[in-house]
Amino acid sequence: MLHLLKGSLGTGILAMPRAFFNAGYVIGLIATFVIGLFCTYCMRILVQSEYELCKRRRVPSMSYPATAEAALEEGPMWLRPFSRASIHIINAFLMIYQMGTCCVYVVFIASNLHLALKTWIDLDLKVYMAIILLPLILVNYIRNLKFLAPFSTLANILMFTGFAIILYYIFREPLTFEGRASVGAIENFPLFFGTVLFALESIGVIMPLENEMKTPKSFMRPFGVLNIAMIIIIVLYAGMGFFGYVRYGSLIKGSITLSLPTQEKLGKAVQILLAIAIFFTHPIQCYVAIDIAWNEYISPVIDKYRFKLLWEYVVRTIVILLTFVLAVTIPELDLFISLFGAFCLSGLGLAFPAIIQICAFWKIVGPREKKIMLAKNICLVLIGALGLIVGTYTSLRDIVKKFS
């Protein structure tokens, strides 16, 4: 449960007040709980589908792409030809999402250091990005996750210390609703949707965590790991979004840390602390993208060549450079978060699990249950598709507007 909480507590929670600015505090509060319920339901049906397929194939566990392939192989006839392609589609979405998260991290670290150190060293934001590039490449050269464990522990301590200071700033003076919109502009709701999906969704860690548990059945019980963790996460995110927006109103930035008073030493301290915490979380997020690119696609091709280890380091460097170039090109934290949330997680977190459940249970449910399952899951696919198209369009529109 702690791993699941840690997997969800990152830059997303710090962007929630800005999301509430786009939706309004009433709509934001209601919609966060609704989206949270959708995310939890989709995680549950994905794991249930994995259970069913593992039982049939007599294997102990499956990854997300393997579950999709196995499900489509047994689904409706017209979906079966897509079974092999589903692996590459899901891998592509996972890679884009993880690399997008790394882009967000680069912008977050540089923006917070830029603001905190401005009074002493007044450098351009892009200069800060260039300064952290080499350390990011070097920390991502660590190939074994166990060597990152001490840094992850340090990042956790710094993260929770930073959250405590942020809560102090939110509640140190009486809150007022004056000038705070209860309902935001409808054209900004897709930005809210993308940000909340990015913040709440941890679909990439769900199956590996469940597979590694000593008693995997504890994961899916009504009061099991998944439900309890998601309730805590949804309440934390809704609380941070609601109170953060009420505190700062229209002055709220892409991350609440950027709205803290930098004339105070404590405000500077939290920005530096969280920048360091996210720096050490970066290689853990990037590990998934590198793992997919190297182990799934590149390593099998160059297996027969010499200097394989050198080529792995080249791939690691290229992945970091790609995220760096994108971050330098568009250094807008809130639009980045919304873009990758809408584009990747609408599919990974909502639409794909619904399709997988339809296929996995297609042969074994009765006519009545099949109709109910189809109705629910088609609705989820439509919500996911709408979120992907409208959310991606809105984020790209605002990025273009910002730089035109």
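Me: Which helix do Phe189 and Phe192 both lie in?
Reply: Both lie in helix α8 (residues 189-200), three residues apart, about one turn of the helix; helices here are DSSP runs of H or I with at least four residues, numbered from the N terminus. The model is predicted, so local features need pLDDT of at least 70 and side-chain atom pairs count only at pLDDT 80 or more, while totals for chains, interfaces and linings use all residues. Residues are numbered from 1 along each chain as its sequence is written, and side-chain values use heavy atoms, with hydrogens and water left out.

Me: Is Phe192 buried or exposed?
Reply: Phe192 is buried, with a relative accessible area of 0%, whereas Phe189 counts as partly exposed at 30%; buried means under 20%, exposed over 50% and partly exposed in between, using a 1.4 Å probe and protein chains only.

Me: And what about Phe336 and Phe340?
Reply: Phe336 and Phe340 form a stacked aromatic pair, 5.6 Å centre to centre with 20 degrees between the planes. Rings of Phe, Tyr and Trp (its six-membered ring) pair if their centres lie within 6.5 Å, and planes under 30 degrees apart count as stacked, over 60 as edge-to-face and the rest as tilted. Phe336 is buried at 1% relative accessibility, and Phe340 is also buried, at 8%.

Me: Switching topic, how many helices and strands does the protein chain have?
Reply: The protein chain has 14 helices and zero strands, a strand being an E run of at least two residues.

Me: How much of the chain is buried?
Reply: Buried residues make up 54% of the 404 residues in the protein chain.
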